[in-house]
Amino acid sequence: MIRTLFRFITPHKIELSWATLLGVLTVASNIGLLATSGYLIASAALRPSTVLLLWVPIVGVRFFGIARAVFRYGERYFSHDLTFRILSNIRVWFYDRLEPLAPARLNAFQSGDVLSSAVSDVDTMQDFYLRSVAPTLIAVLVMVIVYGLLSIFDYRLGLIQVLILLVSGVGIPALTYWLGNRLGTEIVKIRSEFSADLVDSIQGMSDILAFSQEQNVIERLSGRQRMLVNKQMKMASIGGLTGGLMTFFNHFSMWILLLIAIPLVQMGKISGVDLTVIAQTALASFEAILPLPIAFQYLGRSFASMRHLLNMIDAKPAVTNGDMHLGEQTSPELVINHLSFHYDSDRAPVIKDISFTVPYGTHIAIVGPSGAGKSSIVQILSKFYDYDSGSVRLGDIELRSLSTESAHQQIAVAPQSPHLFNTSVKENLQLANPDAPFEEIQNACAVALADDFVQKLPEKYDTFVGEQGYKLSGGERQRLAIARAILANTAISIFDEPTSGLDALTEEQLLHSVHRALENKSMIWITHRLTGLEVMDEIIVMNHGLIEEKGTHEELLQQNGLYRQMWNIQQQMIRPSEIAI
Amino acid sequence: MISKRIFAQIREVRLLLALTVGLGLAGGLVTIFEASFLSRIVNRAFLGHAPLSRLIGLFVWLLVAIALRALVGWFSEVFALRVALKVKESLRDQLIRRLFQLGPIYLRGERTGEVASTVIEGIESLEVYLARYIPQIALSALVPLTILAFVIPNDWVTAIIFVVTWPLIPYFMMLIGRQAEKQSKKQFRTLSHLSAHFLDVLQGISTLKLFHRSRYQLQVIRRISNQYRKTTMDTLRVAFLSALALELLTTLSTAIVAVFIGLRLIAGTMNFQDAFFVLLLAPEFYLPIRLLGTQFHAGMNGVMAADRIFELLDVPVQSIEGNHAEREVFETEWETIQFDHVTYSYREAEYPALSELDLKIHRGEKVALVGPTGAGKSTIMNLLLGLMTATDGIIRIDSQPLTPSIAASWRKQITYLPQHPHLLKGTIADNLRLASPECSFEIMIEAARKAGAHDFISQLPYGYDTMVGENGVGLSGGQIQRIALARAFLKDSPLILLDEPTANLDPESEMWIEQALRDLFKEKTVLVIAHRLSTISRMDRILVLNEGKMIDQGHHTELLSRKGLYHKMLTTYVGERGNYRDQNPVPIHHPS
């Protein structure tokens, strides 16, 4: 795992060296500034015959004073640049690994915000260099410099200072970790429980108020918070201790070096002037290890984030990418034979032994209550999942051995909840056909009854749709997805519940419009609403993963089965919300 | 950069805050003593050639000063964090209470996420502001003054350098701080823009795959990252200059102090001990204000978070006394509910959602509301639930006006079944007991039976103890509806408000719900937003609403014969199929 983390940094050795070097020089300049200023005043106290003898320390003091600021500037510049580069590397790496797994393997992560937490994991890992690697490297290099500097006077001074630096730099963070680790884990847990409870209570507020439970909920939330605050109070003591210990060892090192150095002055081994230099060096050198406790915290976080990401991408792709191509064939027949499928081997099958054929040029509908297995057929035909048994043949080639690219050139899908990218309407549509002329795009939109509303947008086809297309209504998003599928101009088009955001009248118009436009092609229309299905060549009625009935609208109404039941329920519904008055 | 409102909050913990600042000041004093002992030791060893044995006493004092400094640092940190924790806790409690006063109408839709993040992260981001920034403001004035008081008698030249340079730092900080703030905001925006783009691509990965464009995105991600890096670095190159200036100011001040002291030492106008003492204090003099500079961001973020928090606390609530003055005015004996010229307008809306509604509902009456979207049906429900208060006009229960102060007690009379009931995180039993916290297991099962929920609950892995809600077991829409119905049976209140589900439920759920509602409505007063002919036909009265006004009312056949909006609504959809003419609509074919 550490190797993976470093892999994002190593391509940028030059930037890394610059950033680290400048970081070391920044700390070293401060040591230089304080040591030379000590040297300056101590030498001055000896009242040399001429000021010229102090020229070197005076210049030195000014030099270090300016150099520190300049080095700091350079360090910040290079390390920020490096952080951006690393971030880009991590993103590319993660996308590269995730892409073959999507979407089948991602569905294993049930909760909807897995992806956004992955994004913030990536963001956390960008700090790996800036907050963990750099401070550690700088601390080590500064220790070498400090040793060298103090050894000019006596190697023991250097040894002791480095020893204290090491003990403080490693020991104090270790102690904090040992004292606070369990508490920290508890705090994270309580906080996430608190926030889950809060979000749940806000979402369920109507129900809470309706059952007069508001006082209980407020008290429960307060109780959780009090628990959190109590733990945080304890954590505060540990945090304060870290700072206190750092301060203590910082000054204690100066104390002990003086204790050793003063007898050396007595013995004439070093000059009295050096005492100020030694004391100042001891005080200034701690700047290098002050960021270490935080560096270790960030290290922990980076590891945790890395583990999350590795967990996500640790899977085999759900589909085998075949190597067969359909080539020039433009009128493939789709034959499904004894197809069975389940998402997880420990879960019940969602499709059980179904068979049907879509001869080229026919339009069929698949209907049934939710959970019937309709959408799972789409998942298989999209080549998002492999099937367990039975066969799916497209133009006489088994779907499994067909290349993904070739399959997608034959089948276009308008999914149930389509994703629109945060870019213009036009670019969202061009995804299906990058080279399509504008007339063709507009034409596809006209078929999907989308052209009218797009024309009313502030910048028409150049309007940005916002994150997840939030500037558009659900029905508008669905119509754009339909237009996108039509624009792809494939032999087979699949529309998965494309009208759930639309009213009954628009739905019927839309179905007829698409039906006309795709007259010479195959179409599969999946819906739970039985509107306008009279035009379909065949309707397949599914329930609990099985095909219950097949036939045309008229035939099915005669049969008095599930289709008839669903039809009856629908007749019961008045849909005042959908009436244009 | 100080939020006045936050200070009002701090008043409660001002003793702790004073202690924090006091400890910081004590830390400053200990620093001065440490410098004093240290300069004496070095002076005696260096110029006085004193052996170590004669310095032991001073060494002990020095160690004491060091230990004290560390202790003071520890405690001031702990106290500072305590101040922050206490203020945070109190603010968060206030916020949570306020949310429940504002109610679901205010919080609906996208606001949920934003409000939750204010209550959690927003308040959390106050910690640095309260624990570091605010005490640091006091310390960055007090500590330098103390040091100055000790430096002036020793060395007035350095004191002048201090006095001249010190105000330059906050001046520079403010001058460039604004610019730096703008830059760092820009950088933050860039970073969040990049993250948003990345998230957009991840979320759209299956769409990209469908059109075999997913591999191509690798190049796009790399290209966009690089573009952003280049433009950001261009702005940062300039932005970092301000930090450079600030850094220069403090390091050069120290350098100048050293040079001036050195020159006076040579001239013999100053002794070494004083000189070293002053030199040791020079960095300490600038330290607090530099620390304040590093907390600048935290300060800005804190003020921004505080603004958002107080904005939420300031949202007007029609009546707050409702919570303490909870009067039990409603026995189950009320006879009528009367809407008297009731108007409701949403704040931003052009037209009222409901205008001048007059309506009287008698106990035991069953009333349906029908009309297109935006007709005002949900507004009537929310007003009657006391979740909103009429902008104009009055609702009376018998003669008692329904005011916010009695809303909580009035709600005990009501069972409300929304279109999409929310199951709280917890077990199914927890969710059922919401309606009747002390009910026995048998009564609970009985209610579930009536709602047609018992069978499927029993088949779940842990039965009634199965976890639902987020991360819980997935239930279908129809099953959630049935659990909500069971809750309604448990509550057994005289008034039922129902927003009929429009979602297409499976035939089995349809059948159960149909039957359960029939049961539930017995001997109750019922107000339904109806979507089914079968429901409407059982009602005593149907109110037809359009654009916030009641345009017609009467019985099903009566309304149809008038050929008004009601007739139009029914014929537009099912007209050609002729079913609407049936007095008793087609019965649902029950699956065997």
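Helices, of at least four residues, and strands, of at least two, are taken as DSSP runs numbered from the N terminus. On this basis, chain A of the predicted model contains 19 helices and 10 strands. The chain is more spread out than a compact globule, because its radius of gyration of 35 Å is well over the 25 Å that the globule rule gives for 581 residues. Along its principal axes, the C-alpha trace of chain A spans about 115 × 60 × 50 Å.

The domain assignment divides chain A into domain 1, residues 2-313, and domain 2, residues 334-573. A distance of 54 Å separates the C-alpha centres of domain 1 and domain 2 of chain A. Buried residues make up 48% of the 581 residues of chain A. When contacts in chain A between residues at least 6 apart in sequence are considered, 76% of them join residues at least 24 apart.

The contact between the two chains was examined next. Chain A contributes 123 residues to this contact and chain B contributes 133 residues. On the side of chain A that touches chain B, helix 8 (residues 214-266) of chain A supplies the largest share, with 27 residues. Sorted by class, that side of chain A comprises 65 nonpolar, 39 polar and 19 charged residues.

In chain A, A:Asn560 is not a glycine, yet its phi is positive, at about 60 degrees. A:Asn560 belongs to the loop that runs between helix 18 (553-559) and helix 19 (562-572) of chain A.

In chain B, a positive phi is found at B:His49, a residue other than glycine, with a value near 50 degrees. B:His49 is placed in the loop between helix 2 (14-46) and helix 3 (56-107) of chain B. B:His49 also counts as exposed, because it has 10 C-beta neighbours inside 10 Å.

Note on methods. Residues are numbered from 1 along each chain as its sequence is written. Chains are lettered from A and ligands numbered from 1 in the order in which they are written. This is a predicted model: local features need pLDDT of at least 70, side-chain atom pairs count only at pLDDT 80 or more; totals for chains, interfaces and linings use all residues. Two residues are in contact if their C-beta atoms, placed from the backbone, lie within 7 Å. Ala, Val, Leu, Ile, Met, Phe, Trp, Tyr, Cys and Pro count as nonpolar, Asp, Glu, Lys and Arg as charged, and the others, Gly among them, as polar. Domain bounds come from an automatic or database domain assignment. The radius of gyration is taken over C-alpha atoms; the globule rule is 2.2 Å times the number of residues to the power 0.38. A residue is buried if 20 or more other C-beta atoms lie within 10 Å of its own, exposed if 12 or fewer, and partly exposed in between; C-beta atoms are placed from the backbone.
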